[in-house]
Each structure stands twice: as C-alpha cells, then as structure tokens.
Amino acid sequence: MNQNLTLIATGIVFNLFWLVSVFGQSQYIWLSVLMLLTSWWFVPGGFQWALLLALPGILMDALLVYFGVYAFAETTFYPQSGLPVWLMVLWLGFSTFLWCIRKLILARTPFLIAALGGPAGAVSYLAGERLGAVMLPLGLLKSAVIIVICWTLFSMLALWWLKRIDKTIYRDVNP
C-alpha cells in the first residue's frame, strides 16, 4: 500500500478510535480497548511504543489538570491524577497511531511537525470540550494557548524519540 493510502486509512481508524473514546468515554471503553488490542496485534512494535510515549502524555495531562487547565467530570482509575481511564486509553491509541505513521513523520522537517503538532493537539481538546468530554476552567483562549505550547513540546519529544528508535532499528537491521 502506498504511503498516502496508509496515512488515509490509519487516519480514519484513529479518528474513529478518538470518536469512540471521546463520545463513549467510560461507557464504551471496552470498544476502545478492543480497537487498541486489535491494532497492537497487527502493528509490530506498536504496544511498546504506545507504553513509552503515552506515559509522558498522561503525565502532561495530569499536570494540566493539576494546574487547572483541564477538568474532567469523571476520574475512576486513579482519582488523584484527575484523569479518566478513557483518556489514558486514548493516549495509548494516539501513541500507536504515531507509530503507524512514523515513516511519514520522520520524512518531514521538525518545524513542520512542531507547527502541526501543537495546533492539532489543541484542536483535539477544544473539540473534546465542545463534546462535553473535558472542561476548560481557564476559558477557551487561555487554555488553547497553553495546550498549543504543551503539544508543540510534546510533538518535539515524540519526534526526537522516533528518530532515536528509527536509528536503533536501522542500526540493528544493517550493522
């Protein structure tokens, strides 16, 4: 399959996963988990990468909750984090999505990844606010600015990690 079709197919599957996670939240978490487990079955390395990248993402969200940027009505797994379980599953899915499109990401300039990553992350949370999945106590504008900054930094971390892992895989395949 060519890279454009791969990107389109992967993007459709991830957006479906996002919708199930955000609309369904805890009620349909079983479906999100099933989709995630299925993707890990078909995507070699996706599970390991998801665990690696989701942890700093979850930590970032927990800090944003701590500082009052986000608020969630429901926190079931670890209430002190302020995060619902479905959001943690969404982070695992997002990380798996990045793993699936890593070749496309690595072929782009870091500036482009930062320029797209920050606003895309913010749009995701602003859409989640409109759908009632997250509350933004600081208001839309202030929250959007903070989220763009955080997601730009997170995008750079993900890109840096992908480059390091790609070099390791390439070195192991071609010693």
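Which residues in H3 meet which residues in H4? I shall answer that question in a moment. Please keep in mind throughout that what we have before us is a predicted model.

Let me begin with the two helices themselves. Helix H3 covers residues 46–66, and helix H4 covers residues 85–100. Their axes come within 7 Å and cross at roughly 130°. Angles over 145 degrees count as roughly antiparallel and 65 to 115 as roughly perpendicular, with oblique as the class for what remains; H3 and H4 are therefore oblique to each other. The crossing of these two helices, H3 and H4, is right-handed.

Now to the answer. On the H3 side, the residues are Gly46, Trp49, Ala50, Leu51, Leu53, Ala54, Gly57, Ile58, Met60 and Asp61. On the H4 side, they meet Leu87, Met88, Trp91, Leu92, Ser95, Thr96, Leu98 and Trp99. Sorted by class, this contact of H3 with H4 has 13 nonpolar residues, four polar ones and one charged one.

The axes of H2 and H4 are 10 Å apart, and the two helices pack at an angle of about 25°. Because angles under 35 degrees count as roughly parallel, H2 and H4 are described as roughly parallel to each other. Here the crossing is left-handed. From H2, the contact uses Ile29, Ser32, Val33, Leu36, Ser39 and Trp40. From H4, it uses Val85, Trp86, Val89, Leu92, Gly93 and Thr96. The classes in this contact of H2 with H4 are eight nonpolar, four polar and no charged residues.

Let us turn to the start of the chain. How do H1 and H2 lie relative to each other, roughly parallel or roughly antiparallel? Helix H1 spans residues 3–24 and helix H2 spans residues 29–42; their axes come within 9 Å and cross at roughly 155°. That angle makes H1 roughly antiparallel to H2. H1 passes H2 in a left-handed crossing. The residues that make the contact are Val13, Leu16, Phe17, Val20 and Ser21 of H1, together with Leu31, Ser32, Met35 and Leu36 of H2. By class, seven of the residues in the contact of H1 with H2 are nonpolar, two are polar and none is charged.

Between H1 and H2 there is a loop, and Gln25 lies in it. Is Gln25 buried or exposed? Gln25 has a relative accessibility of 17%, and therefore counts as buried. Leaving aside neighbours within four places in sequence, Gln25 is in contact with Val20, Glu74, Trp86, Gly132 and Ala133. The backbone also deserves a remark: Gln25 has a positive phi of about 45° although it is not a glycine.

Pro137 is placed in the loop between helix H6, residues 110–130, and H7. At 53% relative accessibility, Pro137 counts as exposed. Not counting residues up to four places away in sequence, Pro137 touches Gly68, Val69, Tyr70 and Ala71.

Leu153 and Ala114 are 39 residues apart along the chain, and their C-alpha atoms are separated by 7.6 Å. Ile165 is also found in H7, but at 22% relative accessibility Ile165 counts as partly exposed. Apart from residues up to four places away in sequence, Ile165 touches Trp49, Leu52 and Trp99.

Finally, a word on the database record. An unreviewed UniProt entry lists residues 5–21, 27–43, 50–73, 85–102, 109–128 and 140–162 under "transmembrane region". Residues 85–102 are 94% helix and 0% strand, with their end C-alpha atoms 26 Å apart. Residues 109–128 are 95% helix and 0% strand, and the end C-alpha atoms of that span lie 28 Å apart.

Thank you for your attention.

Definitions and conventions:
Residues numbered from 1 in each chain as written. Predicted model: local features only at pLDDT ≥ 70, side-chain atom pairs only at ≥ 80, totals over all residues. Heavy atoms only, no water. UniProt positions renumbered as here; feature names shortened; annotations may be inferred. Helix = DSSP H or I, 4+ residues; strand = E, 2+ residues; numbered from the N terminus. Axes fitted to C-alpha atoms, helices over the stretch in contact; angles between N-to-C directions. Left-handed = near helix turned anticlockwise from the far one by under 90°. Contact = heavy atoms within 4.5 Å. Nonpolar A, V, L, I, M, F, W, Y, C, P; charged D, E, K, R; others polar. Buried < 20%, exposed > 50% of the residue type's maximum accessible area, 1.4 Å probe, protein only.
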